Amino acid sequence: MADDEVYLLDHYIVALTNQNKTLGLYRPTRKGKKLIHTIEKSKYKLFVYNNRFMGYKLEFSGHSLQVFRDRKPVTQYALKSPKKEGIESLLL
């Protein structure tokens with residue numbers, strides 16, 4: 001086990017990749033490991049995609065969270081009684 005890998009019940013491996021900029025979710029195989037999903041984070045966006053670059057984008061803005069699937073908006077969540085800080089304080 002490497003320093004940047006976490007094993008989850010021998011079914012999945014979570015590893016830091018791309019110079020600690022992304023998280024990779026792998027499935028162990030006989031020949032090593034197979035990439036299932038990649039997770040990247042920018043300032044207010046979170047990208048979760050597979051090896052074909054299809055997946056979800058979670059976009060945080062103000063007091064809301066908007067979810068996109070393959071460039072199409074799927075749903076939006078908003079806080080009913082937002083605090084002063086908003087969602088941005090959770091991401092920093």
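This is a predicted model: local features need pLDDT of at least 70, side-chain atom pairs count only at pLDDT 80 or more; totals for chains, interfaces and linings use all residues.
**The strands and their pairing**

Strand β5, which covers residues 45–49, pairs with strand β6, covering residues 55–61, in the antiparallel sense over five bridges. Strand β6 is also joined to strand β7, made of residues 64–69, and these two run antiparallel with six bridges between them.

| Hairpin | Residues between the strands | Residue with positive phi |
|---|---|---|
| β5 and β6 | five residues | Phe-53, near 60° |
| β6 and β7 | two residues | Gly-62, about 60° |

**Asn-50 in the loop**

The loop between β5 and β6 contains Asn-50, whose side chain has a polar atom 3.0 Å from the backbone nitrogen of Arg-52 and also reaches the backbone nitrogen of Met-54 at 3.0 Å. When residues up to four places away in sequence are not counted, Asn-50 touches Ile-36 and His-37.

**Leu-58 in strand β6**

Leu-58 is found in strand β6, and, leaving aside residues up to four places away in sequence, Leu-58 touches Tyr-44, Lys-45, Leu-46, Leu-65, Gln-66 and Val-67. One of these, Tyr-44, is 14 residues from Leu-58 in sequence, while the C-alpha atoms of the two are 8.4 Å apart in space.

Note on methods: Residues are numbered from 1 along each chain as its sequence is written. Side-chain values use heavy atoms; hydrogens and water are left out. Two strands pair if DSSP finds at least two bridges between them. Helices (H or I, at least four residues) and strands (E, at least two) are DSSP runs, numbered from the N terminus. Contact means heavy atoms within 4.5 Å. A polar contact is a pair of N or O atoms within 3.5 Å; within protein, one must be able to donate a hydrogen and the other to accept it, and residues adjacent in sequence count only if both atoms are side-chain atoms.
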